[in-house]
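Visitor: I'm new to this one. Could you show me how to read it, a bit at a time?

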Amino acid sequence: MATNLIYNSYDDIKRSISFYCGSNHKEYFKSVMSIENSIEDENILDNIYHEYMNNDMQLVNPDLKDLKNDASKKYDNEEETYYKHELDYERE
């Protein structure tokens, strides 16, 4: 499957990441840690993975949830403003 993957869209990339994460979570985790932190020593990556699995940690920074919430609120406000303008236009 991996050799047939084409990365042309968000959905393609998400599907690929899900495949890699599901088929070998440890190697997926180590790859992400290596890329984001410039760690090349696999022994260090193994130790980090062990700590990650044995502690209450998240691979994705929890602050990103705040960004998601802020972005959702902004989108909702923009949608609400858009619909208000549409209603005002229709009333005219």
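Predicted model: local features only at pLDDT ≥ 70, side-chain atom pairs only at ≥ 80, totals over all residues.

Visitor: Which residues make up the largest nonpolar core?

Guide: The general idea comes first: in soluble globular proteins, nonpolar side chains tend to be buried together. Here, the largest nonpolar core has 6 residues in all: F29, M33, I39, L45, Y49 and Y52. Two or more residues come from each of α2 and α3, and α3 gives the largest share, 3 residues.

Visitor: How far apart are the end C-alpha atoms of helix α3?

Guide: Work it out from 1.5 Å a residue: the 13 residues of α3, residues 42-54, should span 18 Å. The end C-alpha atoms are 18 Å apart, which agrees.

Visitor: And which residues of α3 are buried?

Guide: Those are L45, Y49 and Y52. Looking down the axis of α3, you'd find its buried residues within an arc of 60°, so they line one face of the helix. Over on the other side, N43 and N47 are exposed.

Visitor: What covers the buried residues of α3?

Guide: The cover includes α2, residues 25-37.

Visitor: What reaches the backbone nitrogen of N43 at the start of α3?

Guide: Look at D41: one of its side-chain oxygens comes to within 2.8 Å of that nitrogen.

Terms used
Residues numbered from 1 in each chain as written. Heavy atoms only, no water. Helix = DSSP H or I, 4+ residues; strand = E, 2+ residues; numbered from the N terminus. Expected span 1.5 Å × (residues − 1). Buried < 20%, exposed > 50% of the residue type's maximum accessible area, 1.4 Å probe, protein only. Arc of directions from axis to C-beta. Contact = heavy atoms within 4.5 Å. Polar contact = N/O pair within 3.5 Å; in protein donor to acceptor, adjacent residues only side chain to side chain. Core = buried A, V, L, I, M, F, W, Y, C linked by side-chain atoms within 4.5 Å.
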